[in-house]
Amino acid sequence: MKPDEPGSEAQLTRSARGDSAAFTHLVKTHSSALHGYFARRMPAASEDLLAETWLQAFAARRTFDPARGSARGWLFGVAHNVLAQHLRRAGRQEPAPGPDVTDPWQVVDQRLDAAAMAPALRRALAELPPEERELLLLISWEQLTPTEAAAVVGIPAGTARSRLHRARGRLRDRLTLPRAAGRNLTATGELA
C-alpha cells in the first residue's frame with residue numbers, strides 16, 4: 001500500500017485556513033494518482049474530470065476532517081463523486097476497464113502469468129457488480145486501504161471488506177484456467 005504523502009493532512013488543513021500555497025502542494029502531490037484513477041476509467045475525459053476534481057476539492061476543502069481519514073482518501077472520495085456526477089449526466093454506469101486503458105504502474109499486469117490473461121481479467125472485472133469492482137480497483141490500482149476505499153464509496157469499512165472478499169473470490173473463480181496434467185494456473189501465476 002502506498003502511504004499518504006507526509007503532511008498532506010496538514011497541507012489540506014492549512015489550505016482551508018487560506019494558505020493557497022498549501023493547496024498548490026496538494027495538487028502537485030496527488031494529481032498523478034488522481035489522473036490515473038480517471039485515465040483507467042474514462043480515458044477520453046480524464047483531464048476534464050481531474051480539473052473538476054480539483055475545483056470541487058478546493059471549494060470543499062473546509063469539510064476535510066483529519067479524524068475521519070487521510071487527505072489522499074478524501075481526495076479520492078471527491079474524485080469518485082466527480083466521476084459519478086459525470087456518468088449520471090451522460091446517463092451511463094461506470095465503465096469496466098477497456099482494452100485501450102493502460103495502467104502506468106503496471107501493477108495488475110505484472111501479476112498476470114501471460115498477456116493472454118489480460119482480456120480474461122477485463123471480462124471478469126466487467127462481470128463484477130459495480131460496487132465490488134470499484135472497491136477492488138480503488139484498493140489494487142489506486143492503492144487505498146480498504147477503510148479509505150469504504151469512505152470513498154460511502155459504506156462502512158466492514159461492508160467494504162466483505163464486498164472486497166466476495167469480489168476477489170469471484171475473480172479467482174473466473175480466472176482459474178485449466179492446465180494439462182490436471183493442474184490449474186491462477187491469475188497470480190500460482191499453480192492450484
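Predicted model: local features only at pLDDT ≥ 70, side-chain atom pairs only at ≥ 80, totals over all residues.
Residues are numbered from 1 along each chain as its sequence is written, and side-chain values use heavy atoms, with hydrogens and water left out.

Let's begin with the chain itself. Nine helices and two strands make it up (DSSP runs, H or I of at least four residues for helices and E of at least two for strands, numbered from the N terminus). Along the sequence the pattern reads α-α-α-α-α-α-α-α-α-β-β. Of its 192 residues, 43% count as buried (under 20% relative accessible area, with a 1.4 Å probe and protein chains only).

Now look at helix 2 (residues 20-39) and helix 3 (residues 46-60), whose axes come within 10 Å and cross at roughly 140 degrees (axes are lines fitted to C-alpha atoms over the stretch in contact, and angles run from 0 to 180 degrees between N-to-C directions). Residues of helix 2 including F23, L26 and F38 meet residues of helix 3 including L49, W54 and F58.

Further along, helix 8 (residues 146-153) has E148, A149, A150 and V152 as its buried residues. Their cover includes helix 4 (71-90), helix 7 (130-140) and helix 9 (157-175). After helix 8 comes G154, with a positive phi near 80 degrees.

Terms used
Buried < 20%, exposed > 50% of the residue type's maximum accessible area, 1.4 Å probe, protein only. Contact = heavy atoms within 4.5 Å.
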